[in-house]
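Here is a short note for someone opening this model for the first time. Please read the points with the structure in view.

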Amino acid sequence: MSGLDSLYQQLILEHSKARSGGDLAKLPAAAAGAPTTGQSRTEQSSTEQSSTGQSHQLNPICGDEITLRLSLGTAGDGQAVTEIHWDGDGCAISMASASILSEMAPGMSPASLRHMIDHFRELMRSRGKLEADEELLQDAAALAGVAKYPARVKCAMLAWVAAEDALRQAEASQGVSQAL
């Protein structure tokens with residue numbers, strides 16, 4: 001095993017044990033599209049436009065499971081992911097992937113997050129033929145080797161699919177709340 005592969009393997013193991021963002025079970029429940037600051041929708045619209053989306057995903061092949069909540073808020077010139085929290089159970093790859101994503105996404109615009117998810121999906125589907133864009137994927141580039149093992153790709157993609165769905169929900173609820 002090369003030094004880089006060893007480093008990547010260590011990063012995955014560390015994230016699977018010390019799960020960043022893996023605290024959803026400790027947080028109060030929030031309905032999709034609900035204000036995240038505890039304000040009513042009317043109070044929220046006069047201060048900061050914020051919404052959440054939540055997605056539950058299951059990998060039936062190996063039993064990995066995740067529930068991910070993504071919050072969007074106003075930042076500077078537009079919208080940005082304010083936080084990601086998740087709860088799940090599964091293999092080291094799926095848990096590390098969720099942990100890495102929850103560290104990377106806050107502060108990203110919805111368009112930037114979608115771009116990163118699209119690149120990660122393309123990388124995972126490449127069966128190891130594509131190189132990871134380390135500048136874009138940062139620590140998630142450590143998961144590039146998973147692409148060589150088709151049975152494990154769904155493990156790595158689980159949190160990313162959940163984030164994509166939760167982002168779609170949060171944006172849809174903002175469109176509704178902005179029209180009110």
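**Notes on the sheet, a helix and an aromatic pair**

1. Three strands make an open sheet, ordered β1-β2-β3, with antiparallel pairing. The edge strands are β1 (51-58) and β3 (78-89), and each of them pairs on one side only. On average, neighbouring strands of this sheet are turned by 20° against each other, direction ignored. Two strands count as paired if DSSP finds at least two bridges between them. Strands (E, at least two residues) and helices (H or I, at least four) are DSSP runs, numbered from the N terminus.

2. A word on the source. This is a predicted model, in which local features need pLDDT of at least 70 and side-chain atom pairs count only at pLDDT 80 or more, while totals for chains, interfaces and linings use all residues. Residues are numbered from 1 along each chain as its sequence is written, and side-chain values use heavy atoms, with hydrogens and water left out.

3. Look next at β2 (residues 65-75). β2 pairs with β3 in the antiparallel sense over eleven bridges. The two strands form a hairpin with two residues between them. Gly76, in the turn, has a positive phi of about 60°. Across the pairing, Thr67 stands opposite Asp87 in β3, and Leu68 stands opposite Trp86 in β3. In a regular strand, side chains alternate between the two faces of the sheet.

4. What lies across β2 and β3? Helix α3 (residues 92-104) does, running at about 155° to β3. Contact means heavy atoms within 4.5 Å. Axes are lines fitted to C-alpha atoms, for helices over the stretch in contact, and angles run from 0 to 180 degrees between N-to-C directions.

5. α3 has 13 residues and reaches 18 Å from its first C-alpha to its last, close to the expected 18 Å. The expected span is 1.5 Å times one less than the number of residues.

6. The structure holds one aromatic pair (ring centres within 6.5 Å, using the six-membered ring of Trp). Phe120 and Trp160 are stacked, at 4.0 Å centre to centre and 15° between the planes. Stacked means planes under 30 degrees apart; over 60 is edge-to-face, and the rest are tilted. The pair links distant parts of the chain: Phe120 is in helix α4 (residues 110-125) and Trp160 in helix α6 (residues 150-179), 40 residues apart. Both Phe120 and Trp160 are buried.

Terms used:
Buried means under 20% relative accessible area, exposed over 50%, partly exposed in between (1.4 Å probe, protein chains only).
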